[in-house]
Amino acid sequence: MFKKILIANRGEIACRVIKTARKMGIKTVAIYSDADAQALHVRMADEAVHIGPAPANQSYIVIEKVMAAIKETGAEAVHPGYGFLSENAKFAEALEAAGVAFIGPPKGAIEKMGDKITSKKIAQDAGVSTVPGYMGLIADADEAVKISGEIGYPVMIKASAGGGGKGMRIAWKEDEVREGFQSSKNEAANSFGDDRIFIEKFVTQPRHIEIQVLADGHGNTIYLGERECSIQRRNQKVIEEAPSPFLDEATRKAMGEQSCALAAAVSYTSAGTVEFIVDGDRNFYFLEMNTRLQVEHPVTELITGVDLVEQMIRVAYGEKLKLKQKDVKLTGWAIESRLYAEDPYRGFLPSIGRLTKYRPPEEVAKKSHVVRNDTGVYEGGEISMYYDPMIAKLCTWGPDRAAAIEGMRVALDSFEVEGIGHNLPFCSAVMDHKKFTSGNMTTAFIEEEFPDGFQGVTLSKAAQKRVASAVAAMHRVAEIRRARISGTMDNHRRKVGKDWVVTMDGARFDLKVKADKEGATVKHSDGAKHRVSSDWVPGKSLAVLDVDGKPLVLKIDKITSGFRVRTRGADMRVHIRTPAQAELAALMIEKVAPDTSKLLLCPMPGLIVKVDVAAGDEVQEGQALCTVEAMKMENILRAERKGVVSKINAAAGDNLAVDDVIMEFE
C-alpha cells in the first residue's frame, strides 16, 4: 500500500481524505494557499506545502506548483478531491509521466467523460438515454440564440468543463440566452480555465438522481445505489439523500446497469457518478458523468457501509474490488445538508468573515442512528471570498426516511454557527416542508416553494406553545439565579412570580410556571399544560429540553426581557414579562428601519465585474445594473423598479463590502 499521498485540494474534502488515509496507516501531505495557512486540512495533515497566493488560478489549479509539492515531499499518489484539478486530464497525465499514482480514473476516461459534449455522444453510442441538445461548440451569443430556438425553450446553458453549478444558466427567452451565455462563459473561464459552452433542452419538473459507480482495473464495475439530489438552488445541490424516495427497484436496476455500461465503455476505474434527470413517469435521461468523488458521497457510504475514499485508494494501488454487485445492500436512509457560507435572508448571497462560533452537533455512530459532520473549518477560522462557500456537510442516518429526517432536524437545531451568514435556517425549513417529507419534490422545489426568497419560518401555533413553555421555564431559572445574586439574606431575596406573558412573532401566551426538582409544569390560559425538563443554565447558548416527552433544541441569546430563539428555521425575539410589564410594553413605539429604497447596496463582499448603467440613465424594473463576483459566482444586480440613476459610486475592479453603496437613484 502507498506510504504517503498528497491531497490536491482544500477544506472539508481534504480533511475527509486525511481521515481515511490515517485509518489506513498512510501519511498525508496538504497543500495550501496564502488564505489557507491556518486551515484545518493543513493542521490535520502530516506535512503541508505552501503553493501560492489565495486565488485558485494562482495556487490550487496550477499543475506545476502541485507537481513541485509532490516532488518535494516524495508523495507516491495524489487524491484530487473534487473541483480544482480532479477532472483535469493534463494533471493526470503529468502524474503518470512523473510515476505518481492518480487516485482517480485514467486520463482517457477523464477526457471523454469530463467533457460534457463528448460524454453525451459516448452515452448515446452506449445506449444510454440522453436529453435533446446541441453537442457542438457555440461561437457566440447569436449562435446560442439560434440553437436555443431550434431546441425549444426553456434551455440549459452549460459549461462543457463545468460542475458544482458554475457556468450554468436556465434561459426561457432570447434575452436570457444572450445574457446567460456570456455569464456562463465568464464563470467557466474563471473556475475551470475552459470557456466552452453547450446547450440542451431543460426538462421541466425533473428530479435529479445520480448513480454511484465503483470500478477497478481488472474489469469489475458495480453500482452502489442512487442519491436523490433534487433540492437545488441555482443548480447547486443543498440537500441530498440515499436512497431516492421516488425510485422503484426496477428503475434503480436499469439506471445502475446503464451507468456501469457507460463506465465500461471508457475503461473507467475508481469511484465515479453518473447523473440523470428523471421525470414523473420514471423516464431517466443522462446528464453527465463526474469522474471524481462527489460532494454527497457520505450518504452512499452510510447506507452501504462502503468507504469510497478507501476503495479509491485501493483501486489506484492496483487492488481488485472485493465487493460484487450481489454484495451491495442498501440499509436504512441517509440525508445530507450542505452548510453554506451564504445568507438565506439576503437571497442566499455569499457571506465571508470569521467564525466567532462554530460548534457542530456531537458525532454519533450507533446502530439506531448516526450523525456525521464532514467539515474543513473551526471556531475562530476565517471564511474566504476566494473559494466555494460550502464549509460543512451534516449527515444523519436512520433505519427509515422518517427517522433520518427527525435526526437531521435535531442535528440542525444543535448546530451553532456565528460570525457569518449561513443557510442552517433554510435547511431546517426544508426538513419540515410537506413536499420534502412526502418525498414529492423536484429540482424546482426552492423556486416554487420560496418564490420570494427565504424570509425565515413562522412556527405553527402548537410549536409556538412548546417554545413559549420552554422559554418561560428557562426564564424562571434565570430569574431565580438573579434573585439569589441580588439578595444577601433569604428574607431580603426578591420573589420570583409564577405568572408570565410570553410574546413572539405577534402571538401572546399567558401562562403559569410551577417548578419542582425534576422540571416545570407550564399551564396556559386555555388550560393546556406542558411538562418541561432540561439541564439548561443561564449563559448556555444551546438549550436541549424535553417538552412532553419530545426533544426541543433551542439556540439561545439573551436580549432585554427575554431571548433571541432559533429553532426549526425560525429566528424569533421571545419576550417574557410579568403581566404588568407586558401591559406597559404594548404601549412602546416600534423602531422604523431606515429607507434604503433609493440606493443599490452591495449585497455581499465581492468584486465589481462591470457596471451596466451611467448617471442620468433611466432604468426599467428588472434591468441589469451591475455584476458582482464572489466565491467564483457572478451575480447580476437588477433594478427593483423604474427610476433614474443619479450617482455611481463604484466601478469595475472595485472590491466592496456588504451594504457599500454602488449607486443612487433620484
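A residue counts as buried under 20% relative accessible area, as exposed over 50%, and as partly exposed in between. Trp172 comes in at 46% relative accessibility, so it counts as partly exposed. Keep in mind that this is a predicted model.

**Aromatic pairs**

Let's stay with the rings for a bit. The structure holds 15 aromatic pairs, and two of them are set out here.

| Pair | Geometry | Centre to centre | Angle between planes |
|---|---|---|---|
| Trp172 and Phe202 | edge-to-face | 6.3 Å | 75° |
| Tyr358 and Phe415 | edge-to-face | 5.6 Å | 65° |

Trp172 and Phe202 link distant parts of the chain, 30 residues apart. Trp172 sits in the loop between β8 (166–171) and α8 (174–192), while Phe202 sits in the loop between β9 (197–201) and β10 (207–215). Phe202 has 15% relative accessibility, so it counts as buried, whereas Trp172 is partly exposed.

Tyr358 and Phe415 also link distant parts of the chain, this time 57 residues apart. Tyr358 belongs to strand β19 (residues 357–359), and Phe415 falls in the loop between α12 (401–414) and β24 (416–418). Tyr358 is buried with a relative accessible area of 6%, and Phe415 is buried at 0%.

There's a cluster to look at too: Tyr345, Phe348, Phe426, Phe445, Phe450 and Phe454 form one aromatic cluster.

The charged end of Arg43 sits over the ring of Tyr378, 4.0 Å from the ring centre. Over at Phe563, Lys558 lies over the face of the ring, at 5.4 Å from its centre.

**The nonpolar cores**

In soluble globular proteins, nonpolar side chains tend to be buried together. Here the largest nonpolar core has 74 residues, and Ile5, Ile231, Ile239, Ile335, Met431 and Phe436 are those with the most contacts inside it. Pick Met431 and look around: setting aside residues up to four places away in sequence, Met431 touches Ile239, Ile335, Ser337, Ile405, Met408, Arg409, Leu412, Phe436 and Thr437. A second, separate core has 31 residues, including Met504, Val522, Ala570 and Met572.

How many of the residues of strand β21 (residues 370–375) are buried? The count is 6 of 6, so the strand is mostly covered. In a regular strand the side chains alternate between the two faces of the sheet. On one side of β21 you'll find Val370, Arg372 and Asp374, on the other Val371, Asn373 and Thr375, and they are all buried.

β21 pairs with strand β20 (residues 364–365) in the antiparallel sense over 2 bridges. A hairpin of 4 residues joins β20 to β21, and Ala365 stands opposite Val370. β21 also runs antiparallel to strand β23 (residues 390–398), with 6 bridges between them. There, Thr375 stands opposite Ala392.

**A buried histidine**

His524 is found in strand β27 (residues 519–524). Is His524 buried or exposed? Its relative accessible area is 4%, so His524 is buried. The side chain of His524 makes a polar contact of 2.9 Å with that of Ser469. Leaving aside neighbours within four places in sequence, His524 is in contact with Lys465, Ala468, Ser469, Phe509, Asp510, Leu511 and His530.

Most residues other than glycine have a negative phi, and most peptide bonds are trans. A few spots here go the other way.

Which peptide bonds are cis? One runs from Tyr153 to Pro154, with omega near 0°. Pro154 lies in the loop between α7 (141–151) and β7 (155–163). Another joins Ala242 and Pro243, with omega at about -5°. Pro243 lies in the loop between β12 (236–242) and α9 (249–265).

As for phi, Ser561 has a positive value of about 60° although it is not a glycine. Ser561 lies in the loop between β30 (550–559) and β31 (562–567), and it is partly exposed, with a relative accessible area of 30%. Asp659 isn't a glycine either, yet its phi is positive at about 70°. Asp659 lies in the loop between β39 (655–656) and β40 (661–665), and with a relative accessible area of 41% it is partly exposed.

Technical notes:
Residues are numbered from 1 along each chain as its sequence is written. This is a predicted model: local features need pLDDT of at least 70, side-chain atom pairs count only at pLDDT 80 or more; totals for chains, interfaces and linings use all residues. Side-chain values use heavy atoms; hydrogens and water are left out. Buried means under 20% relative accessible area, exposed over 50%, partly exposed in between (1.4 Å probe, protein chains only). A polar contact is a pair of N or O atoms within 3.5 Å; within protein, one must be able to donate a hydrogen and the other to accept it, and residues adjacent in sequence count only if both atoms are side-chain atoms. Contact means heavy atoms within 4.5 Å. Two strands pair if DSSP finds at least two bridges between them. A nonpolar core is a set of buried Ala, Val, Leu, Ile, Met, Phe, Trp, Tyr and Cys residues joined through side-chain atoms within 4.5 Å. Rings of Phe, Tyr and Trp (its six-membered ring) pair if their centres lie within 6.5 Å; planes under 30 degrees apart count as stacked, over 60 as edge-to-face and the rest as tilted. A charge sits over a ring if NZ of Lys or CZ of Arg is within 6 Å of the ring centre and within 35 degrees of the ring normal.
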